[in-house]
Amino acid sequence: MSIRLAELVARFGGQLIGDADLLVSGIAPLDQASSAQLTFLTNPKLRAAAAQTKAAAIILSVSENALLGDVYAGARLVDDNPYAYFARVAQLFAAQNAPAVMPGIHPSACVAPSAMIASSASIGAHVVIEHNAVVGSNALIEAGCFIGRGAKVGADTHFHARVTFQAGCEIGARGIIHSGAVIGSDGFGFANERGAWIKIPQTGRVMIADDVEIGANTCIDRGALADTIIEEGVKLDNQIQIGHNCHIGAHTAMAGCVGIAGSAVIGKYCTFGGAAMVLGHLTIADKVHISSGSMVTRSILEPGQYTGFYPLAKNADWEKTAAVVRNLSKMREKIRQLEKTVKSITEKNNE
Amino acid sequence: MSIRLAELVARFGGQLIGDADLLVSGIAPLDQASSAQLTFLTNPKLRAAAAQTKAAAIILSVSENALLGDVYAGARLVDDNPYAYFARVAQLFAAQNAPAVMPGIHPSACVAPSAMIASSASIGAHVVIEHNAVVGSNALIEAGCFIGRGAKVGADTHFHARVTFQAGCEIGARGIIHSGAVIGSDGFGFANERGAWIKIPQTGRVMIADDVEIGANTCIDRGALADTIIEEGVKLDNQIQIGHNCHIGAHTAMAGCVGIAGSAVIGKYCTFGGAAMVLGHLTIADKVHISSGSMVTRSILEPGQYTGFYPLAKNADWEKTAAVVRNLSKMREKIRQLEKTVKSITEKNNE
Amino acid sequence: MSIRLAELVARFGGQLIGDADLLVSGIAPLDQASSAQLTFLTNPKLRAAAAQTKAAAIILSVSENALLGDVYAGARLVDDNPYAYFARVAQLFAAQNAPAVMPGIHPSACVAPSAMIASSASIGAHVVIEHNAVVGSNALIEAGCFIGRGAKVGADTHFHARVTFQAGCEIGARGIIHSGAVIGSDGFGFANERGAWIKIPQTGRVMIADDVEIGANTCIDRGALADTIIEEGVKLDNQIQIGHNCHIGAHTAMAGCVGIAGSAVIGKYCTFGGAAMVLGHLTIADKVHISSGSMVTRSILEPGQYTGFYPLAKNADWEKTAAVVRNLSKMREKIRQLEKTVKSITEKNNE
């Protein structure tokens, strides 16, 4: 299926330079796009590749449009944010190529009579939906998902195959949860009594707002007494662990393998690199960016980028530096002694 | 459902100060409890909040009871370990609110005829139980779980939805396994032959004792030849990886994202902070506490707290310190040179 | 079932010293093998144990055979690579003990009419296979697996219970995927527009070659536009995260909890210790070995071992060294000042 450039402008804005009736059938990188496809220039380093692309049309910024000059003969879609424009166009083509969703409940699904399933929702094979759960309009619940009693899934939300969404939890509209994710497992809470652990029941919920995406095999624990909260637009990658009673601010994004311990309060518009960790009960301000592999051990109240991982080296070199690290406090003492001695020499010399 | 304070004392002990016939209908934090509820004071910093709580009764220690004075007018349950007392009371209320478990096998479950399922056990929708597996009395196996051939599940054990429990593995009584956990996957064992890897079959089991809790999406590998052992009372959070042939001592607790490599032997009463890692074949003594994000690379034979992660800093500051870390062995050499030079100056001056 | 030593030599080579007709019924470690079993000596430290083993026969190298001398009276299988020989023998015994696989499709499975399932393949209970998927000969797909539309599973490949294998992805022959693994989830790709994230559709696939093993709860994301590639013989442990558009070279092995960010290109014959991390868009040469817990932040173009983690210490000692680490750039400045001062003193003294 092809789309006229004029239709793209009508949908997504931007300035068209070229033939409004030109049809494009897909979008591809500069070096792979065919003459029937659209492409995009978002990285200035690829400007030379843009001059040589075969694409019928190119999405680019005002400044890149000027810099590209007339070496490119195709049509141009000029926009302030060409990467976002690319994303929207790619979504449009992907939606056209997606298999049609058939509303209705697969005969092998087990849906409690008290559950409320919108007639436009699609419930896949071997799905289990328990008492009083609610699934909104146009929701797509793929094969093998579990939705616990009283849980609520918003309109247009998509659970990929084999998601676990436990009792009482809620997710808003247009959410995406990937396979293997577990939402609403018990938080890790115990009281210690003479060495043994007594379980503290976890009776809160996980409350997820609109437009949240949650990656494969990611876990979000339910709150102990109060709820775990995920605000709108949060994006979580795969293999992430969010502890009980965390509060993740809107539009914060976390890369794979991040761990957030219980009761941490994370601001809006933050980013976390892969395998970053946050200890429990900390507060992180808005617009804080944590580098990959960094351990956050205190609250961060100012925006900015924070980092803490040991730099990589050839193993033999690491062995040497690690040996020094182990003795750094002795080294500091040596330097203090040296300073004293040198000061004393200097004073004597000046007498 | 409400409970008389006298009944709580009868069940859990403690000293009651106040009306034994007072009814409480639930438990909540100091600032959220209603006048029909019980609350608890376990953190001295919240003493002021205790003075203002609306709760009908408060659980607290002997010393806090004295320090609180007469600013609080409600009933008091005084106990040596108020946090453990709170946990038990919360369990009681949670059990009352939990949905009734219906014994029996859901018609959509596939249970091998040779499997032995206690008549009081509950087997959920789409569960698969293979040949010769055993499920004990009052066990609750929720929707979509898999129990492999010859595996054994003890009495009163609870598998949340979508647990995988592989062939031959065993778990004792009162266990809890959360969704997505995989018990008994193959250990990672290969022989190398001219660069390629030849699989070493993993024919051991995972043997889990009583009162163990295992978090969502946590994995415990089966042993290669001998078994992987998890002793009683161990508590594992989410996203943990336990390698083949590990032995985890009783009442040890591990927070999320911990990784324990194969054949590690971990003592009793240990704790591991989130994302702590232990290399293979190491021995960790009883009562060792590993901080979050720390890598254990040698055996630890003495109890105590051990730590090893790079301290977080503003990225610009980290860049500076990391550059020094990379050159620490050169810096040590410089200091040695300085020491020699200063010593030589001192000696000359003293001649 | 027992096997003649002559048959082992016929299958796997090696030099037999002893009775070719001797029957062995299994393989076990030196100290556990019975007089009806085979054992193996691959670790020189266990030579003394070899002298005392009860095993009927022992697999060992040419040099260990000479060093062992005549203290061991049983038969010997001498081979250049006794560990690989052990692995093959253990595979043979394990295959004999494995339950028979029954070809055919379990009646509870939901298989799309357009899917092509080899008649020798075994499809377990509650499996879901979607339109146009292909499952090859002798493939074993255990209970609860999901195979998306158009996905292809090669001959003799084994999916343990509850694997998710998404639409369009492919795996070759003799593959093994463990429970809970998710292959083909969306990559983590978003364009930022005024703080909010716009999803970039992930339309590539995951293409996995022959003889690949993938651990429990490991995730491999599909490519954004191009594919994610896993070459032949790659071995991935549990809880690993492989980002979109990664390319993992043949025979590379990764231990548990490793994370590889998007578009990283990893060479052949590499090894990654547990919880090692690689940032996105990096290139790692062949035969690079990354130590556990190390963060790779730049491309590595030379083979070798690389390391980067903070050394573990008693917490009190770590507190002291960490305090110095935070001030390392100040310490460097102090040393520079000292050097200047000492140089100036030396020059004055020499005047």
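How many nonpolar, polar and charged residues does the lining of the largest cavity have? Before selecting anything, note that this is a predicted model, in which local features need pLDDT of at least 70 and side-chain atom pairs count only at pLDDT 80 or more, while totals for chains, interfaces and linings use all residues. Residues are numbered from 1 along each chain as its sequence is written, chains are lettered from A in the order in which they are written, and side-chain values use heavy atoms, with hydrogens and water left out.

**The cavities**

The structure holds six cavities of 30 Å³ or more, a cavity being a set of points on a 1 Å grid over the protein atoms alone where a 1.4 Å probe fits but cannot get out, with lining residues having an atom within 4 Å of a point. The largest has a volume of about 570 Å³, the volume being the space filled by probe spheres set on the points. Select Ala275(A), Gly293(A), Ala275(B), Ala275(C) and Gly293(C), which of the 30 lining residues are the closest to the centre of this largest cavity. Its lining has 18 nonpolar, 12 polar and no charged residues, with Gly counted as polar and Asp, Glu, Lys and Arg as charged.

**The annotated histidine**

Select His244(A), where UniProt, in an unreviewed entry, places the feature "active site"; such annotations may be inferred rather than shown by experiment. His244(A) lies in the loop between the strands β28 (241-242) and β29 (247-248) of chain A, strands being DSSP runs of E with at least two residues. His244(A) counts as buried because its relative accessibility is 15%, the limit for buried being under 20% with a 1.4 Å probe and protein chains only. Leaving aside residues up to four places away in sequence, His244(A) touches residues including Gln202(A), Asp221(A), Arg222(A) and Ser263(A), contact meaning heavy atoms within 4.5 Å.

**The nonpolar core of chain C**

Finally, select Val135(C), Ile147(C), Phe159(C), Phe165(C), Ile260(C) and Phe272(C), which touch the most other members of the 53-residue largest nonpolar core, a set of buried nonpolar residues (Ala, Val, Leu, Ile, Met, Phe, Trp, Tyr and Cys) joined through side-chain atoms within 4.5 Å. In chain C, β23 (206-208) and β36 (288-290) each supply at least two residues of this core.

Notes:
Helix = DSSP H or I, 4+ residues; strand = E, 2+ residues; numbered from the N terminus. Buried < 20%, exposed > 50% of the residue type's maximum accessible area, 1.4 Å probe, protein only. 1 Å grid on protein atoms, 1.4 Å probe; cavity = no way out; pocket = protein on both sides within 12 Å on 5 of 7 lines; lining within 4 Å.
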